[in-house]
Amino acid sequence: MANQLTNIDRRNFLRLTGITGAGLVLGLSAHADGVATVENLAAAGESFELTPYVLIEKSGQITIFNTKPEIGQGTFQSIPALIAEELEVSLDKVTIQHTGGEKKFGGAQFSGGSASVRTSYTSLRKVGASAREMLITAAATHWNVPVSECYASDAKVFHRPSGKSLGYGELAEAAARVEVPKEPRLKDPKDFTILGKPSPRPDVPLKVNGTAQFGIDVAVPDMVYASIERCPVLGSKLVSYDDSAAKKVKGVVAVEKCERIHGVYRSEGVAVIAETYWAALQGRKALKVTWDYQGNDKFNTKTYEQSLRDASKQEGAVEHSQGDFDKTFAEAPVKLEAFYETPIVSHSPIEPMNCVASWKDDSLEIWTSTQVPGRIMDDFTKTYGIAPEKLKIHVMFNGGGFGRRLYPDYVHEAVQLTRKIGRPVKSIWTREDDTRMGPFRPMTFSAMKGALSADGKAIAFQHKVISPTLDMRKDYDKTKADGTMTEGISEQKYEIANMKNLYVHHYLHLPLAAWRAVTSTTLAFSHECFIDEMAVKAKKDPMAFRLGMLTKESDTKNLLNKLKEVSHWDKPLPAGWGRGVAQYEFFAGLGGFVVEVSKKGTGIKIEKVYAAIDLGTVVNPDTVEAQVQGAAVMALTAAVKSGITFENGQTVQSNYHNNQLIRINEMPKVEVHILANGGPRIKGVGEPGLPPFAPALCNAIYAATGKRIRRLPFDINKIV
Amino acid sequence: MIKLTINNQPYEVDASPEMPLLWAIRDMVGLTGTKFGCGMAQCGACTVHVDGNPVRSCSFPVSAAAGKKITTIEGLSERIGEAVKKAWIELQVPQCGYCQSGQIMSATALLKNKPKPTDADIDAAMQGNLCRCGTYQRIRSAIHRASEMIQS
Ligand code: FES
Ligand code: FES
């Protein structure tokens, strides 16, 4: 049974193993050229300039280290599976342990960008294959038989002619002395027993019986609880506070300031620290705090949105240009323009932000749900002047990530508090804190232009993005086209000869962040709805119009053809129904939807949802299906629920009653089709199912009602 | 001191009477399978059974639970609860898993009242349980699967 090891001192454990040569420790050495090679850590002795992923002990115990925090996307299975497949062990015999930002595990200790499997697929298989070959060599040497007569299976090496076998534990010590193969032979995918098959996730049983440990579940001796009052007007400064009443609340032990650090966004809060969380909450209510709003109490989203519309008149920085857009557009016989708008949204994972931190002498220990242990190691050693070996990070199961836990602002607060009071502190944000304080996904507005030839062919296209940036770095250059804020708009495969895509930056003082599928979540909406508008103008079927712009072979073309087939696109629908299609390709991958809707009173009912995701290679189809279904739910929430708005500088929404999420009764069935036909590029899983959902839905609504939706969110119950 | 019976074990907690049962269960008794999500009966992550009924423990004063039989995810063991957990594993329902204790407690309570729930029954019983990961389709299938298991 896989379990979480959180209490052993991993560094000492490894060192012990390495020095005594008690086992086989294999890792990847990432070279400057980005090529990873497999190396033997046990032989490397104490130097450990490598990233160890697999550890085999004499007892037979196998540990696989996972650098990709589990946030629900299934890396607790998919990442160890890459090693286990080649190592010939089943995952239920392996202990899986999250790494905590230790240098030895390399620079990619994070979950984000749907990157985990697509960036590790070959390198981690090589780790497993090397270990397998070394174990086989050790066994063959021991038996004095040719290597070719031996094979590995189920954590044992077998001698085929005699049938005798040795377990990995028995072989580990000898295997550690075998030279690491330069080019280990990878298994033929047709022999895979784990990869490519629907496989159970080792974390699922723990999440079904309540034993999975999330950050919020951590308790350490002598721990106290903190709840932090931050100014409801974002971007304010703390002036002073009166804690006399707060300190009278039973159980309150201290009141301290702490700073939330989110790139250039900094804000001081007042923490009430108590023996129980409930007491901390009561103490917090009794605080009297004076803030300087810095003028931000006049901010509201309505005015800001108008300023975005005004900013759209600026020319903008050129993000991509091909052919001659300006001339073609000016002279085109048929042209159209449209303006699209999207809202700010929150991540709202159900596990609120939290962190347990313990500062003792010159050492710091952190237990938290995070997507970025590597970044915490880098940033916190610098910010707080701690030696890397004095910082220990325990990565817990994340109760949702969605991009929110890429940012350790909540970890900073807890660290400062434990340092101040000298006791371990568990800081928990309330749901209201989580909803009001962000960081938020920014809105994007889009000014679209398109031109058609007389026979209805797309000849010119422009997508101009007007938005704030989620880049919170100090040296942000607002005169340049921001690749993150224009994500994907120049990556679509449609063959349109003349294109000029632009970016206009517009400042926003709020803490902003990446959200699952980042800016593609808003840009796919404007992009793919406008393509639909062009199809309508050209009097063409939207699917045929798209395929007509895809004459060359491409994954996009395959994906659309797949959707066309599985959705029976050409089959007429009942009266009052409509269907819509959309796809979007961006850095994380490629996904698409066909959505069918029907008119229901004044609103719309989603009847059927067909999803397709192109991966090239799939590791766990069962997880992929779940991810795409989940992405559709998240996209639907962002399309039809309130989003985040501001009045008088304050977030209007506060909890799930007014920042609603889709519930089970509102969730349509999603039928997922996975394209895994090989291909040069392995694509991501967690995000690509999100961006094309809203445009497919809105295109379907247009088909059913003739109403074109150009602003999110919209009320699905009041379309006509 | 407030006397609680959780998963058939007696506990005494030193809590103010209006403190929500959730914090007594998590922070004082140390059973962390029951989760905090919203604190205002909106998400269902904190669902436990009090005398067999599903209750949002974040909005239920600990004093009101005194003398009652409280069951948390850790103590869910009878036939229906076991069937639900089995179905949840079989269909690989959880993603991040954070909402799932609450989902399982709500689903078990539903199946106790309605061993053969319709989709409409599931909508009604489960719409108080949010899942940000969007596992709803599998939750629905798993409830139907658990229902089959308890029929046979
Ligand atoms: S925490 Fe109780 S319903 Fe959300
Ligand atoms: S599984 Fe993540 S919130 Fe439900």
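Which residues of H16(A) meet Phe693(A), Ala694(A) and Leu697(A) in H17(A)? In this predicted model, for which local features need pLDDT of at least 70, side-chain atom pairs count only at pLDDT 80 or more, and totals for chains, interfaces and linings use all residues, the residues in question are Ala632(A), Ala635(A), Leu636(A) and Ala639(A). Residues are numbered from 1 along each chain as its sequence is written, chains are lettered from A and ligands numbered from 1 in the order in which they are written, and side-chain values use heavy atoms, with hydrogens and water left out.

Helices (H or I, at least four residues) and strands (E, at least two) are DSSP runs, numbered from the N terminus; contact means heavy atoms within 4.5 Å. Helix H16 (residues 621-640) and helix H17 (residues 693-705) of chain A pack at an angle of about 60°, and their axes are 9 Å apart. Axes are lines fitted to C-alpha atoms, for helices over the stretch in contact, and angles run from 0 to 180 degrees between N-to-C directions. H16(A) and H17(A) are therefore oblique to each other, given that angles under 35 degrees count as roughly parallel, over 145 as roughly antiparallel, 65 to 115 as roughly perpendicular and the rest as oblique.

An open sheet of three strands in chain A has the order S6-S7-S8, with antiparallel pairing; two strands pair if DSSP finds at least two bridges between them. Strands S6 (150-153) and S8 (165-167) of chain A stand at the edges with a single partner strand each, so one side of each is left without a neighbour in the sheet. From one strand to the next the twist averages 20°. Four bridges link S6(A) to strand S7 (residues 156-159) of chain A in the antiparallel sense, and Cys150(A) stands opposite His159(A) in S7(A). Across S6, S7 and S8 of chain A lies helix H4 (residues 168-175), which runs at about 80° to S8(A).

A further antiparallel pair is formed by strand S11 (residues 252-262) and strand S12 (residues 265-274) of chain A, joined by 10 bridges. Ala254(A) has Ile273(A) in S12(A) as its bridge partner. The hairpin of S11(A) and S12(A) has two residues between the strands, and Gly263(A) takes a positive phi near 55° there.

Positive phi values also occur in residues other than glycine. Phe402(A), with phi near 60°, belongs to the loop between strand S18 (391-395) and helix H11 (409-421) of chain A. Phe402(A) is buried, at a relative accessible area of 8%, where buried means under 20%, exposed over 50% and partly exposed in between (1.4 Å probe, protein chains only). His568(A) has a phi of about 50° and is partly exposed, at 47% relative accessible area. The loop that holds His568(A) lies between helix H15 (555-566) and strand S23 (577-586) of chain A.

The peptide bond from Gly438(A) to Pro439(A) is cis, with omega near 0°, and Pro439(A) is placed in the loop between helix H12 (431-437) and strand S20 (445-452) of chain A. Another cis peptide bond joins Leu712(A) and Pro713(A), with omega about -5°; Pro713(A) is in the segment after H17 of chain A.
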